[in-house]
Amino acid sequence: MAGSLANDKVIIVKNLVKKFGDFTAVDQIKFEVNRGEIFGFLGPNGSGKTTTIRMMLGLLQPTEGEINILGIDVNGSVEGIRRKVGYMSQRFSLYNDLTVVQNLKFYGAAYGLDESKLNVRIGESLEMAGLLGKEQVKTRDLSGGWRQRLALSVAIIHQPEVIFLDEPTAGVDPVSRRTFWDLLYQLVTGGVTVFVTTHYMDEAEHCHRLAFIQEGRLIAYGSPEEIKQDTIKGRVFEIGVDHPGEALALLKKVQKDKPELISEVELYGSLIHLFSDSNQNSERKIKEILKRSKVQVNYMEEIDPSLEDVFISCVHNNKQS
């Protein structure tokens, strides 16, 4: 994992609440982010991620709670943090009719950089993002992956200590996503703290620490390994069958009758992932149930849980609590 972590906290969120009328979008969440780490804020669309990040940037006023960034109370001094943080919004917000360099100049000037410093920072940003040779290309003519690199360059043109990225790779192809994360590792190596929201569970594996949010509530918090160890108490099986939809429906019925045997079961593409709290006999019992129902099992094996498995388990446990 790129970067070394320091002990000081650059973000402290305590008992954060945001209500819109009778609807509670964010419900008593709290977490801390260390200097020089990639902190992932994960959850499905509509879970409260963007609302939280907008409160952290001072764009929304919290209903309750405290937010401290770089030692500054955001609620009391929004202007105090704006020059120290960068923000890349969920929606692409650059000017399509401007070239790459023109966008960088515009936003650099908006951050108050003088001409000599701005020219240096533009050169550094272009090199970091691999945009050299594309300086005079209009933004609308860039592919999705290149546009994301430009948006990141704009967010860090003023050398912020903390950058907030809201769904930065949404709609971007897998290769461009991988390249984008390589850029984040470079930033962390240089001491920048990255706070990133995403609903891609594979990206969570690249974070130092994570917080899972569901329906506005924090349901897991820690490093990827810590969350896996704390959440998955039983065994996880991957099952390949000829007719996964029919097999899933059968196993869902078994889950209702025998929750100790099947605590959760979900479809992953054409495969089934099954959680069992039972011990050694669970695999044999599940195979027998499928065989009696004339389900052709091509293979069944115990696997290490992915973070997507962990998130499903967290949601399941949260509903039961």
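Asp277 is placed in the loop between strand 13 (271-276) and helix 10 (282-292). Please bear in mind that the model is predicted.

Which residues does Asp277 touch, beyond its neighbours within four places in sequence? The contacts are Gly234, Pro259, Glu260, Leu261 and Ser263. Ser77, by contrast, is 200 residues away from Asp277 along the chain, and the two C-alpha atoms are separated by 49 Å.

Ser263 counts as buried because its relative accessibility is 14%, and buried means under 20%. Leaving out residues up to four places away in sequence, Ser263 touches Gln255, Phe275, Ser276, Asp277 and His316.

**The aromatic side chains**

I turn now to the rings. A search of the whole structure gives twelve aromatic pairs. One of them is Phe39 with Phe195: the ring centres are 5.6 Å apart and the planes meet at 15°, so this pair is stacked. Phe39 sits in strand 3 (residues 38-42) and Phe195 in strand 8 (residues 193-198), so the pair links distant parts of the chain, 156 residues apart. Both Phe39 and Phe195 are buried.

Phe212 and Phe311 form an edge-to-face pair, with 5.3 Å from centre to centre and 75° between the planes. This pair also links distant parts of the chain, Phe212 being in strand 9 (residues 209-214) and Phe311 in helix 11 (residues 307-320), 99 residues apart. Phe212 counts as buried at 0% relative accessibility, and Phe311 is buried as well, at 10%.

Phe39 and Phe195 also belong to one aromatic cluster, together with Phe31, Phe41, Phe164 and Tyr221.

**The chain as a whole**

Finally, the overall picture. The chain has eleven helices and 14 strands, and buried residues account for 51% of its 321 residues. Of the contacts between residues at least 6 apart in sequence, 70% join residues at least 24 apart.

How values were computed. Residues numbered from 1 in each chain as written. Predicted model: local features only at pLDDT ≥ 70, side-chain atom pairs only at ≥ 80, totals over all residues. Heavy atoms only, no water. Helix = DSSP H or I, 4+ residues; strand = E, 2+ residues; numbered from the N terminus. Buried < 20%, exposed > 50% of the residue type's maximum accessible area, 1.4 Å probe, protein only. Contact = heavy atoms within 4.5 Å. Phe/Tyr/Trp six-rings, centres within 6.5 Å; stacked < 30°, edge-to-face > 60°.
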